[in-house]
Amino acid sequence: MPYIEIKTKKTIYPGEAQKIINKGTVIALLTTGTISPNAKQLLDKAQIAWAENVPESEFMESESQEDN
């Protein structure tokens with residue numbers, strides 16, 4: 001089943017990106033840190049969407065909205 005992977009690492013490097021790609025079910029990657037240029041290239045080639053520097057508060061806000 002396809003899913004979005006969320007990471008809180010400071011930087012995603014190519015090795016970590018390749019592990020995510022190898023799972024075969026990840027359709028997008030969100031991280032509170034950054035993604036190295038080479039890792040971005042790997043994700044793009046694998047057609048995995050990505051977003052970096054996502055503030056942790058974004059996750060907290062959406063959680064509180066779900067409770068309402």
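Helices here are DSSP runs of H or I with at least four residues, strands are runs of E with at least two, and both are numbered from the N terminus. Quick caveat: this is a predicted model, with local features needing pLDDT of at least 70 and side-chain atom pairs counting only at pLDDT 80 or more, while totals for chains, interfaces and linings use all residues. Residues are numbered from 1 along each chain as its sequence is written, and side-chain values use heavy atoms, leaving out hydrogens and water.

Is glutamate 16 buried or exposed? It counts as buried, because its relative accessibility is 17%; the cut-offs are under 20% for buried, over 50% for exposed and partly exposed in between, with a 1.4 Å probe and protein chains only. Beyond its neighbours within four places in sequence, glutamate 16 is in contact with Lys7 and Lys9, contact being heavy atoms within 4.5 Å.

Now the sheet. It's an open one, three strands in the order β1-β3-β5, paired in parallel; a pair needs at least two DSSP bridges. β1 (3-7) and β5 (49-51) are the edges, each with a single partner strand, so one side of each has no neighbour in the sheet. Between β1 and β3, residues 26-31, there are five bridges in the parallel sense. Across that pair, glutamate 5 stands opposite leucine 29 in β3.
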